[in-house]
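Welcome, and please have a look at the model below. We will walk through it together, one topic at a time.

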Amino acid sequence: MADLNNTDLYINRELSWLEFNERVLEEAFDKTNPIMERFKFLAITASNMDEFFMVRVAGLMEQVFAGKTSPDISGLTPDNQLEKIAERTHEMVTKQYSCLNRSLIPGLREEGIFFKKYNELNSEQKSFVKAYFNTTLFPILTPMAIDSSRPFPLVFNKSLNLIVELESSEEKFAVVEVPSVVPRIIELPKDGENRDFIFLEDIIKHFMSRLFEGNIVLSSYAFRITRNSDLEIDEDERHDLLVEIEESIKKRKWGEPVRLEIEKDISHNAFHFLLEHLELNANYIYQINGILDLTAGFRIAGIPGCNNLCDGPMPPVAVKAFRDKDIFEVIKERDILVHHPYESFDCVVNFVKTAAKDPLVLAIKQTLYRVSGNSPIIGALIQAAENGKQVTVLVELKARFDEENNINWARKLEKAGCHVVYGLVWLKTHCKLCMVVRKEPEGIHRYVHLGTGNYNDKTAKQYTDLGMFTAKESYGADVSKLFNVLTGYSKSTNYHEIAAAPTNLREMFIKNIGIEAQNARGGKEAKILAKMNSLVDDGIIKALYEAAMAGVKIQLIVRGICCLRPGVKGISENIRVTSIVGRFLEHSRIYYFENGGSPKIYLSSADWMPRNLNRRVEVAFVVEDESLKEEVKEILDITLSDTIKTRVMESSGTYRRVDKRGREPIHSQMLFYENAKIKNRPDPVEKNDIFIPITGENS
């Protein structure tokens, strides 16, 4: 019998995440992507890395400081993990800048776009830059001297700064923050047909002596500090959670340093001066060969007038089922599945907007985890409350890096007369639910939307997610029970169409995996198809290993972290793991169990991670309608047949591109968009035309 506790069967979570970021970086190198999209992918890798250090690396450093030596499921202690992370991240930074300097910047030059240093400017451009410094930058900049009476300044997390070395008989340094209130990239007067730009820090460096009159500036170098930004929140029921989070947000700017990025050619004196004040060892210092803070790639990709260097437009398709029809009548007639971003999120927004104005609507109940900065759903909920409807909103204040935004929305909703709940103590509410209660001639009816993604109209254009509308009483009853748990003292777990964490969601998944194993042992067809963002939970992984050993065919689509090791002889040979990184961020969670020829399909807000199954309020809801089940199964089949953006996971934990030899080229995201246009075109279509046929092993 295999020892499923053997640490060799598991891949470290952090190292697996770094492999995911490597796959994103591959898209920045991929010349089949337009040049500006490649800059976006590079910026995404940098943004991802920032959060990784602020949360994951910071957490490991805290564990080491606290003396924790317990290994994770892969057998690595916190100290071991930090060593391996340092090695891997330094390699990745080298690749990021190789991509920038050897591929992306030259690629822009071919398109007539140049980034210049001051000494490369012509006389007109130099005059422009001088005027810009004098009129705009000089009044903003604040030189901060460092001496016995003025200690090293508290540099903001992720801010870009310059360490300035001044001529003196003793070491003399100062810090100047590069202001974020003005654009970092400045367009210069044209030099012929080309477009020229300069970075803000290069302007400041050239005119640095203006800030230190009477001194000689020897040098100035850019640096950037990343700080521990994981909030420490006291969730004691006696405390006001909103106040606790507000206080913690303020501390985020001043967390302990966890990474220092500095220019590669920094002087010996300036380098050691920074190290002395930041107290970081070499593992956390990154000497950069190029511009600091590669999230600047988002700004580069947003340079006006470069549409020809970006992806072509893919406007979401309006959902035909709701076109010029009463949304409640449509939902009452049948369940509706919507596939974002290919199908427009407007139908979800209109669901809430219509409910806000409908005189028959008595109440709206909704969970909100992340919403946009100018959310139309929030606006509709406020309007509903002003129209005298009972509006209950659970706003999750602990949504990482959205805490401040959610606090502001919570206060606006309360002011409008909504009942606002901040979630449960020690749990994040991550499920995606909206219920409308309507008084109709035949009685009270509940209309429900359940989804895999957030109620965020902006990210709904970038993330792939699924949502289902239903008026079936069984779903309405379940969602009502769950809201009673969230807002009151109910402890109900007696659901019919849903499973909820942290009560019975794990049990549901384990049970269904076990049924597949039992069916395989009995000679029945047994199969599991699962799509998620991350697979970390060791209990789920062990159940999958046991099912695979029993003969269950398992295909996993895991966008990010995967701690399961596929292809291990005698244990996971029946498990195939793939990952898709493309134009849209794969975000939907789909769980398919063959169930002896009567498939069970669940859509969920939850990944297979301990936090989702143990420390969050999550929901998985069963898809009952047969036509909707066919749609979901087709989504899985197309995703599994992708030969353009799919990477296949090796048992080593690394990934390789799909072998395309002899296979039809299939780009799943583009295919989904074409299918959405066919499905929702105005003219009647034959049933067989709804989905474009696919070929391959998963068809």
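Helices (H or I, at least four residues) and strands (E, at least two) are DSSP runs, numbered from the N terminus. The expected span of a helix is 1.5 Å times one less than its number of residues. Helix 17, residues 626–640, shows how this works: at 1.5 Å a residue its 15 residues should span 21 Å, and its end C-alpha atoms are 21 Å apart, which agrees.

Before going on, note that this is a predicted model, in which local features need pLDDT of at least 70 and side-chain atom pairs count only at pLDDT 80 or more, while totals for chains, interfaces and linings use all residues. Residues are numbered from 1 along each chain as its sequence is written, and side-chain values use heavy atoms, with hydrogens and water left out.

How much of helix 17 is covered? Here we call a residue buried under 20% relative accessible area, exposed over 50%, and partly exposed in between (1.4 Å probe, protein chains only). By that rule helix 17 is mostly covered, with 12 of its 15 residues buried. A charge sits over a ring if NZ of Lys or CZ of Arg is within 6 Å of the ring centre and within 35 degrees of the ring normal. Lysine 412 gives another case, its charged end sitting over the ring of tryptophan 409, 5.0 Å from the centre.

Now compare helix 14, residues 505–521. Its 17 residues should span 24 Å at 1.5 Å a residue, and the end C-alpha atoms lie 25 Å apart, which agrees. The buried residues here include Leu505, Met508, Phe509, Asn512, Ile513 and Glu516. An α-helix has 3.6 residues a turn, so residues three or four places apart point the same way. Just after helix 14, glycine 523 takes a positive phi of about 85 degrees.

Arginine 506 lies in helix 14 and aspartate 537 in the loop between strand 19 (527–532) and helix 15 (538–550), so the pair ties together parts that are 31 residues apart in sequence. Are the two partners buried or partly exposed? Arginine 506 counts as partly exposed at 25% relative accessibility, whereas aspartate 537 is buried at 2%.

The structure holds 45 salt bridges. In one of them, glutamate 473 meets arginine 446 at 2.3 Å, N to O. Since glutamate 473 lies in helix 13 (residues 473–487) and arginine 446 in strand 16 (residues 443–451), the pair ties together parts 27 residues apart in sequence. Elsewhere, Glu26, Glu27, Asp30, Lys645, Arg647 and Arg657 are linked in a network of salt bridges.

Next come the aromatic rings. Rings of Phe, Tyr and Trp (its six-membered ring) pair if their centres lie within 6.5 Å; planes under 30 degrees apart count as stacked, over 60 as edge-to-face and the rest as tilted. By this rule the count comes to 22 aromatic pairs. Tryptophan 17 and phenylalanine 52 are stacked, 4.5 Å centre to centre with 5 degrees between the planes. Tryptophan 17 lies in helix 1 (residues 13–29) and phenylalanine 52 in helix 2 (residues 35–65), so this pair ties together parts that are 35 residues apart in sequence. Phenylalanine 53 and tyrosine 286 have ring centres 5.8 Å apart and planes at 85 degrees, so they are edge-to-face. Here phenylalanine 53 belongs to helix 2 and tyrosine 286 to strand 9 (residues 285–288), 233 residues apart. Ring pairs link Trp17, Phe20, Phe52, Phe53 and Tyr286 into a cluster.Finally, turn to the nonpolar cores, sets of buried Ala, Val, Leu, Ile, Met, Phe, Trp, Tyr and Cys residues joined through side-chain atoms within 4.5 Å. Of the 190 residues in the largest core, Met36, Leu482, Leu535, Leu544, Leu556 and Trp608 touch the most other members. Helix 2 supplies the largest share of this core, 12 residues. A second, separate core of 47 residues includes Phe328, Cys434, Tyr447 and Ala460.

How values were computed:
Salt bridge = Lys/Arg side-chain N within 4 Å of Asp/Glu carboxyl O.
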